[in-house]
Amino acid sequence: PIALDIRALKKTYKGGTQALKGIDLKVSQGDFFALLGPNGAGKSTTIGILSSLVNKSEGQVSIFGHDLDIDPVSAKSALGLVPQEFNFNQFETVLQVVVNQAGYYGVPRAKALVKAEQLLKELDLWGKKDARTRELSGGMKRRLMIARALVHEPRLLILDEPTAGVDIEIRRSMWRYLRQLNEEGLTIILTTHYLEEAEMLCRNIAIIDHGRIIENTTMKGLLGKLN
Ligand code: ADP
Ligand code: ADP
């Protein structure tokens, strides 16, 4: 099955910037996929469209067979998203952030509490469950965003520059955790502008530049080409 199917996707912002000039991309179930590209390439615009924060101009997007326009509720519930910027409600505690997110997807509260506890323990945040988000370090906030993105048990996890500004120790533990999730069957896509990060984690890769996919291959194939 296809986890993510993007067809002829275009985005022109109101000012006239053509951020996406017709993108086609397929990501298979179980893949660990990198979307690599320099700043301004169109990565965040693509993710913005997937998460319905940005309106597309043209094209189609399906997530596990659910078209974003035709069946947005199913498409969105299949997707977990870790945005680039921290966007917590500063009055919520760590546990509330995760449990309340589950509420938006209609997960029953008892089930959400069990899942939140599991995720916060796995991400080494359980000791901070009653802390306010503004008291957390940057690395803790990143991990909390991952817990929040997983609480409704999505089939596809997308992370936008997940380790930007994170020190190397936290970065390594995040990589380990993501690898483990992928081994358990979760499809993962991450955007990055570090080839090394993609190389560490991903099996397949697309390179985006100036709103176009300029390469779409296996990680091994790409590295072979570069050497
Ligand atoms: P949409 O077409 O998806 O509604 P808009 O064109 O309205 O998006 O842009 C959303 C907001 O982002 C606007 O307020 C705009 O001023 C702002 N913006 C403009 N240029 C940029 C840029 N280069 N990077 C990020 N945000 C920008
Ligand atoms: P990346 O995430 O790869 O750095 P973006 O998707 O943020 O790339 O940006 C792609 C292009 O669209 C850039 O030229 C950027 O300036 C422009 N852009 C991004 N967001 C907006 C916006 N809200 N309004 C207008 N232009 C934007």
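Visitor: Hi! Let's start with a side chain: is Phe88 buried or exposed?
Guide: Phe88 counts as buried, with a relative accessibility of 17%. Keep in mind that this is a predicted model.

Visitor: Thanks. Which ring does Phe88 pair with?
Guide: Phe88 forms an aromatic pair with Phe86. The two rings are stacked, 6.4 Å centre to centre, and their planes are 15 degrees apart.

Visitor: Why do you call that stacked?
Guide: Because planes under 30 degrees apart count as stacked, and the angle for Phe86 and Phe88 is 15 degrees.

Visitor: Let's zoom out. How many helices and strands does the protein have?
Guide: There are 8 helices and 10 strands. The radius of gyration is 17 Å, close to the 17 Å from the globule rule for 227 residues, so the protein is as compact as a globular protein of that length.

Visitor: What box do the C-alpha atoms fill?
Guide: Roughly 45 × 40 × 35 Å, taken along the principal axes.

Visitor: What share of the residues is buried?
Guide: Buried residues account for 49% of the 227. As for the accessible surface, it comes to about 11,200 Å², and carbon and sulfur atoms hold 49% of that area.

Visitor: What about contacts between residues at least 24 apart?
Guide: Taking contacts between residues at least 6 apart in sequence, 69% of them join residues at least 24 apart.

Visitor: Charges next: how far apart are the mean positions of the positive and negative ones?
Guide: They are 2 Å apart, for 30 positive and 26 negative charges.

Visitor: New topic, helix H1. Why is H1 described as largely enclosed by the rest of the structure?
Guide: Because 7 of its 8 residues are buried; H1 covers residues 43–50.

Visitor: Which ones are buried in H1?
Guide: Lys43, Thr45, Thr46, Ile47, Gly48, Ile49 and Leu50.

Visitor: What follows H1?
Guide: Ser52 follows H1, and its phi is positive, near 65 degrees.

Visitor: I'm also curious about Glu153. What is its phi?
Guide: Glu153 has a positive phi of about 55 degrees, although it is not a glycine. Glu153 sits in the loop between helix H5 (138–150) and strand E7 (156–160).

Visitor: And where does Glu161 lie?
Guide: Glu161 is in the loop between E7 and helix H6 (168–183). Phi of Glu161 is positive too, near 50 degrees, in a residue other than glycine.

Visitor: Last stop, Arg212. Which strand is it found in?
Guide: Arg212 is in strand E10, residues 212–218. With a relative accessibility of 46%, Arg212 counts as partly exposed.

Visitor: What does Arg212 touch?
Guide: Leaving aside residues up to four places away in sequence, Arg212 touches Lys21 and Ile207.

Methods. Residues are numbered from 1 along each chain as its sequence is written. Chains are lettered from A and ligands numbered from 1 in the order in which they are written. This is a predicted model: local features need pLDDT of at least 70, side-chain atom pairs count only at pLDDT 80 or more; totals for chains, interfaces and linings use all residues. Side-chain values use heavy atoms; hydrogens and water are left out. Helices (H or I, at least four residues) and strands (E, at least two) are DSSP runs, numbered from the N terminus. The radius of gyration is taken over C-alpha atoms; the globule rule is 2.2 Å times the number of residues to the power 0.38. Buried means under 20% relative accessible area, exposed over 50%, partly exposed in between (1.4 Å probe, protein chains only). Contact means heavy atoms within 4.5 Å. Accessible areas come from the Shrake-Rupley method with a 1.4 Å probe; for residues, only the protein chains shown count as cover. Lys and Arg count as positive and Asp and Glu as negative; His and the chain ends are not counted. The place of a charge is taken as NZ of Lys, CZ of Arg, CG of Asp or CD of Glu. Rings of Phe, Tyr and Trp (its six-membered ring) pair if their centres lie within 6.5 Å; planes under 30 degrees apart count as stacked, over 60 as edge-to-face and the rest as tilted.
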